[in-house]
Amino acid sequence: MRSLGSLGLILVLVGGGALGSACAGAHEGVDGAGAAPWGRGAHEGHGALVEGERVTAGQRRSGAASSEVSGAVGTRMPTPARARGAVAVAVNQGCEGCHEGEARAWRASLHHRANTEPAYQRAFALEPLPFCRGCHAPEGVPTEEAPEAVGKLGVGCVTCHVTGDAPGMLARGARLAELPVLAAPWRGASAPPAAPHGVVRDARFGGAEACAGCHEFAFPTAPGRRLSELMQSTISEHRASASAGQSCAGCHMPEGPDGRRRHAFVGSRDEGFVRSAVQVSARRVSATGVEVTLSPANSGHAFPTGDLFRRLSVSAEALGPDEMVLGGAERFLARHFELRAGQSGRRLVSDDRVHGTPVVVALDVGDAGVGREIGWQVTYQRVAHPNGVEARAASVEGEVRVASGRLAP
Ligand code: HEC
Ligand code: HEC
Ligand code: HEC
Ligand code: HEC
Ligand code: HEC
């Protein structure tokens, strides 16, 4: 149990003006300065909470609705480059103290490790742009190395939930009760339990827009937002998918036994989850040929989605005595990019990932396949930044065997 008074910590705000310049072209609206982002109504009804009053998450109080407001048109969804520094870390500790379940799951998530994960650190070492920091250390100032605590926070509770703090608000010593905390529309039948802070309910936060600020963006040097210029395109892929009606949270934040949404945000590191994205079958179409069919299953977007160097390897091999590989073929399903001379960005040339319809991959293992067993497999791969190396030779940082099998002669 934590006393509200101890949250008087929420005091000094690092100026709101320090938003990353490199991101400017890539994220419209990153710099959402201007009007107070929460509606005027947000202030009304914030019951004056007595300092020191004790409330824990889950505990019901009367006057429930008093802290609730609906998101006004100006409510801003989460964005990169918030640059609130140490204040964000302090406020986040408050969230963690009251919401233990969410905190435990979040601490084990890649959101929390966004700036410290070795895979990111290796890529950042090759391309150390302020642009990268905007998303991977969103509470830091993009043009500077984040102080340790701010870098370690990664994408925090505050980054997603406290988007409505007007510049200077925290600096003026905003109290917990005044903090506008974003939430999805209430799902329960009875009135929501009261919170010791503002709760701004916005339908967009229950949908893909809660994620769009960071999960879809252009290369820093790209002139626009056409698909060919996007470094990640998960939101557009989702919109075009058969799961468009299902929110990102629906799959990535399933409800736990307590009816509350999980904050582990599993993805590429969860083998079962990765496998659930497609159904795979294979058949022999000739003495040396195999057809592997990948049909979208529990997939809310293209498979793979996310980072530009994710790919699927689809391969087949003619197997001799003692499993000796006598011939084979391999294809990569991915977004295929070309480097653009003199520019740091890439340009999409083709995309053969699994979208809404089955993908059939034909492979021929060569003459060695005649009269022999053919083994096949589909593997999801996290490829390291190729750093000029041809995709085939690039190093794979992690992989998941999605499906495999053997076909008799
Ligand atoms: C002093 C304890 C306390 C602190 C600090 C606190 N919360 Fe809460 N919060 C509650 C309580 C109690 C509720 C209402 C009951 C519930 O939903 O668990 C609540 C409700 C919420 C809700 C609404 C859930 C819903 O949909 O009904 C969200 C979202 C939330 N808090 C996030 C946060 C975030 C983010 C922070 C940090 C900025 C934070 N809280 C800080 C106690 C706290
Ligand atoms: C990457 C963004 C993100 C981060 C980080 C994040 N949340 Fe959430 N959280 C959400 C979204 C989105 C929802 C609403 C999902 C829905 O119901 O559609 C939510 C829901 C909640 C709820 C309501 C849960 C329920 O189902 O009743 C609470 C409470 C909450 N978050 C607290 C926290 C706390 C505390 C942290 C940090 C430990 C945190 N969140 C980190 C995005 C985030
Ligand atoms: C402030 C930016 C930001 C917001 C908002 C955000 N994310 Fe993320 N997310 C990231 C970053 C950065 C990573 C990569 C962390 C890493 O691996 O370095 C990430 C990673 C993830 C992963 C794990 C990817 C993997 O490889 O396993 C999932 C899943 C995810 N986010 C889902 C969501 C969903 C769903 C939402 C909306 C509810 C959301 N995120 C909102 C920045 C954000
Ligand atoms: C129908 C369920 C479903 C929905 C809806 C969904 N996803 Fe996923 N997502 C998955 C599965 C399964 C995977 C693992 C396979 C993969 O990597 O694509 C995944 C993987 C991811 C990854 C990690 C990709 C990687 O390989 O590193 C991210 C990031 C992500 N999703 C973000 C989102 C966002 C953002 C949304 C909403 C716009 C969303 N997802 C909607 C099922 C879903
Ligand atoms: C607009 C937000 C944004 C920007 C800018 C951004 N990233 Fe990311 N990055 C993400 C998200 C979201 C993910 C999660 C997708 C996934 O895991 O597939 C991610 C994932 C990654 C991963 C995979 C991490 C892992 O744990 O496997 C690497 C590596 C990475 N980014 C490097 C970079 C580098 C280097 C830059 C700058 C050149 C950069 N990113 C800029 C949002 C961003």
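Of the 26 residues around ligand 3, those that come nearest are Pro78, Cys211, Cys214, Gly267 and Ser268, where a residue is near a molecule if its C-beta atom, placed from the backbone, lies within 6 Å of it. The model is predicted: local features need pLDDT of at least 70, side-chain atom pairs count only at pLDDT 80 or more, and totals for chains, interfaces and linings use all residues. Residues are numbered from 1 along each chain as its sequence is written, while chains are lettered from A and ligands numbered from 1 in the order in which they are written.

**Shell around ligand 3**

- Two or more residues of this shell come from each of α4 (130–136), α6 (157–161), α7 (209–215) and α9 (248–252); helices (H or I, at least four residues) and strands (E, at least two) are DSSP runs, numbered from the N terminus.
- The largest share, five residues, is that of α7.
- By class, the shell around ligand 3 holds 15 nonpolar, nine polar and two charged residues; Ala, Val, Leu, Ile, Met, Phe, Trp, Tyr, Cys and Pro count as nonpolar, Asp, Glu, Lys and Arg as charged, and the others, Gly among them, as polar.

**Shell around ligand 2**

- There are 22 residues around ligand 2, of which His99, Cys157, Cys160, Ala184 and Arg261 come nearest.
- At least two residues each are supplied by α1 (85–98), α2 (100–107) and α6, and α6 gives the most, with four.
- The shell around ligand 2 divides into 11 nonpolar, seven polar and four charged residues.

**Overall fold and nonpolar cores**

- The chain contains 10 helices and 14 strands.
- Of its 409 residues, 38% count as buried; a residue is buried if 20 or more other C-beta atoms lie within 10 Å of its own, exposed if 12 or fewer, and partly exposed in between, with C-beta atoms placed from the backbone.
- Among contacts with a separation of 6 or more, 66% join residues 24 or more positions apart; two residues are in contact if their C-beta atoms, placed from the backbone, lie within 7 Å.
- In soluble globular proteins, nonpolar side chains tend to be buried together.
- The largest nonpolar core has 42 residues, and Ala88, Val91, Val158, Val181 and Cys211 have the most contacts inside it; such a core is a set of buried Ala, Val, Leu, Ile, Met, Phe, Trp, Tyr and Cys residues joined through C-beta atoms within 7 Å.
- With five residues, α1 gives the most to this core.
- A second, separate core of 27 residues includes Val290, Val292, Val365 and Val400.
- Leaving aside neighbours within four places in sequence, Ala88 is in contact with Arg82, Glu139, Val150, Leu153, Gly156 and Val158.

- The buried residues of α1 are Gly85, Val87, Ala88, Val91, Asn92, Gly94, Cys95 and Cys98.
- Seen down the axis of α1, these residues fall within an arc of 155 degrees, so they line one face of the helix; the arc is that of the directions from the helix axis to the C-beta atoms.
- They pack against α5 (148–153) and α6.
- In α2, the buried residues are Glu102, Ala105 and Trp106.
- The arc within which the buried residues of α2 fall, seen down its axis, is 100 degrees, so they line one face of the helix.
- The buried residues of α2 pack against α6.

**Ala149**

- Ala149 lies in helix α5 and is partly exposed, with 16 other C-beta atoms within 10 Å.
- Although 64 residues apart in sequence, Ala149 and Gly85 are 8.7 Å apart in space, C-alpha to C-alpha.
- Leaving aside neighbours within four places in sequence, Ala149 is in contact with Ala86 and Val89.
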